[in-house]
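Colleague: Could we go through this model together? I would like to begin with the surface and then turn to the charged pairs.

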Amino acid sequence: MAVFPGAAIFLIVLAFNLVGDGLRDVLDPKQRTMIEGQEQTVTQQTTTDPVLCARDLQVRIGKHEIVRGVGFDVHREQTLGIVGESGRANR
């Protein structure tokens with residue numbers, strides 16, 4: 001009894017994925033699809049200089065050092081997220 005509804009859901013999800021992939025190929029400016037069966041190429045960023053550069057970053061609150069020795073580079077059109085512990089440390 002569940003085979004036909006399950007197959008229908010599978011085919012609908014597959015169709016949405018194929019349509020989404022096709023729209024991404026057409027609309028994404030970072031990808032260029034060659035017509036007439038040639039390979040799809042992704043354009044590479046030519047700028048190598050970082051927009052933001054941090055080395056040996058240290059952060060203190062009062063006497064407590066909470067960040068030590070962190071370094072990173074952020075390039076144009078790049079997103080960086082820094083995640084760490086939160087809350088209060090035991091003393």
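**Surface and salt bridges**

Modeller: Phe10 is exposed, with a relative accessible area of 55%. Please bear in mind that this is a predicted model.

Colleague: Where does Phe10 lie?

Modeller: Phe10 belongs to helix H1, residues 3-27. Together with Leu11, Leu14 and Leu18, Phe10 makes a nonpolar surface patch of about 430 Å².

Colleague: How many of the residues count as buried?

Modeller: Of the 91 residues, 4% count as buried. The chain exposes about 8,800 Å², with carbon and sulfur atoms supplying 59% of that area.

Colleague: Changing topic: how many salt bridges are there?

Modeller: The count comes to four. One of them joins the side chains of Arg24 and Asp21, at 3.4 Å from N to O. Both residues lie in helix H1, three residues apart, or about one turn of the helix.

Colleague: Which residue forms a salt bridge with Arg55?

Modeller: Asp73 does, and the closest N and O atoms are 2.9 Å apart. This pair links distant parts of the chain, with Arg55 in strand S3 and Asp73 in strand S4, 18 residues apart. Arg55 is exposed at 52% relative accessible area, whereas Asp73 is partly exposed at 29%.

Colleague: What about Glu65?

Modeller: Glu65 forms a salt bridge with Arg68, the closest N and O atoms being 3.1 Å apart. Through salt bridges that share partners, Arg60, Glu65 and Arg68 are joined into one network.

Terms used
Residues are numbered from 1 along each chain as its sequence is written. This is a predicted model: local features need pLDDT of at least 70, side-chain atom pairs count only at pLDDT 80 or more; totals for chains, interfaces and linings use all residues. Side-chain values use heavy atoms; hydrogens and water are left out. Patches are made of residues with over 30% relative accessible area and no salt bridge: like charges are joined within 9 Å, nonpolar side chains (Val, Leu, Ile, Met, Phe, Trp, Tyr) within 5 Å. Accessible areas come from the Shrake-Rupley method with a 1.4 Å probe; for residues, only the protein chains shown count as cover. Helices (H or I, at least four residues) and strands (E, at least two) are DSSP runs, numbered from the N terminus. Buried means under 20% relative accessible area, exposed over 50%, partly exposed in between (1.4 Å probe, protein chains only).
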